[in-house]
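Me: Could you help me learn to read a protein structure? I would like to go feature by feature.

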Amino acid sequence: MISRRTFIKGASGCAVGMVSVGSYSRFLEPRWVEISNVTIKINDLPKRFEGLKIVQLSDIHHCKYVSKDFIRKCVRKANALFPDVIVLTGDYVFSDQGYLPPVAKELSELRAKDGVFAVVGNHDDKDRTYDELHKNGIRLLINEHIVLYRAKEYIFIAGIDDIWKGDTDIKRALKGMDENPKILLSHNPDAIEIIQHEDVDFVISGHTHGGQVSFPFYGPPIVYSKFGTRYTAGLFCEKNTIMYVNRGIGVSNLPVRFFARPEITQFTIKNNLQCA
Ligand SMILES: [Fe+2]
């Protein structure tokens with residue numbers, strides 16, 4: 001039989017543990033940004049694009065729990081990587097679209113030699129996001145693509161509308177492309193279902209937040225994907241398409257992160273196809 005003293009000691013230990021985990025997941029981990037370095041190998045990459053550096057920020061979710069100061073720090077971290085291209089893969093706010101102008105203003109400080117390109121997420125009002133991002137020098141790609149030139153060599157960067165809230169049209173996004181490398185921005189990794197049947201080399205996604213809360217030896221109890229935990233975070237290879245799923249910067253629903261640190265990804269693009 002457990003004595004009263006032992007019970008109180010145990011209960012106190014549990015309470016202290018719970019408060020510590022709560023404080024860590026509420027105040028520490030959501031601000032503890034990890035810079036992930038990922039090498040992506042693409043077949044027949046033109047010589048002038050060897051070593052192309054792409055930096056990704058995703059799921060910023062500016063709201064009362066994800067401050068302008070924190071976003072500014074993330075922008076500085078991204079700029080410090082001296083990227084050639086910066087890509088933003090959607091969800092700039094949580095629900096209140098009034099946060100769009102301030103987050104777009106912070107993102108206007110992003111610096112990349114070849115430009116900043118973006119797609120919308122399921123939390124974004126498409127028209128307002130388009131206006132705010134364009135006003136701040138960021139090109140939003142909705143079922144369309146741009147051609148990135150280096151002298152006479154080029155690659156494509158395309159973006160699709162969100163598959164939950166928008167009108168995704170992958171054919172339109174890729175229309176007119178030739179055999180040169182194709183990089184596609186898609187907020188939601190579930191789009192791989194349609195993308196893997198197309199001629200796309202590399203897909204850059206976000207949306208899952210890495211589950212946002214994940215338990216050691218178990219993983220995340222909730223991932224907003226029709227494929228469950230299959231595309232929670234990291235690098236995947238489907239047929240000839242490589243996909244990376246970034247854990248995002250901000251939080252949604254609950255203002256916590258646990259074993260799913262916020263992430264800025266730095267991709268280095270190299271020649272030859274294989275999962276790195
Ligand atoms: Fe999100």
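Predicted model: local features only at pLDDT ≥ 70, side-chain atom pairs only at ≥ 80, totals over all residues.

Me: How many helices and strands does the protein chain have?

Reply: Helices (H or I, at least four residues) and strands (E, at least two) are DSSP runs, numbered from the N terminus. Here the protein chain has six helices and 12 strands. Its radius of gyration (taken over C-alpha atoms) is 20 Å, close to the 19 Å from the globule rule for 276 residues, so the chain is as compact as a globular protein of that length. That rule is 2.2 Å times the number of residues to the power 0.38.

Me: Which residues of helix 2 are buried?

Reply: A residue is buried if 20 or more other C-beta atoms (placed from the backbone) lie within 10 Å of its own, exposed if 12 or fewer, and partly exposed in between. In helix 2, Ile71, Cys74, Val75 and Ala78 are buried. They fall within an arc of 100° seen down the helix axis, so they line one face of the helix; the arc is that of the directions from the axis to the C-beta atoms. As a general idea, an α-helix has 3.6 residues a turn, so residues three or four places apart point the same way. Exposed Asp69 and Arg76 sit on the face of helix 2 turned away from its buried side.

Me: Is Pro102 buried, exposed or partly exposed, and what does Pro102 touch?

Reply: Pro102 lies in helix 3. It is partly exposed, because 16 other C-beta atoms lie within 10 Å. Leaving out residues up to four places away in sequence, Pro102 touches His62 and Lys68. Pro102 and Lys68 are 34 residues apart in sequence, yet 7.5 Å apart in space, C-alpha to C-alpha.

Me: How many bridges join strand 6 to strand 7?

Reply: Two strands pair if DSSP finds at least two bridges between them. Strand 6 (residues 144-150) and strand 7 (residues 153-159) run antiparallel, joined by seven bridges. Glu144, for example, has Gly159 in strand 7 as its bridge partner. Their hairpin has two residues between the strands, and Ala151 there takes a positive phi near 55°.

Conventions: Residues numbered from 1 in each chain as written. Contact = placed C-beta atoms within 7 Å.
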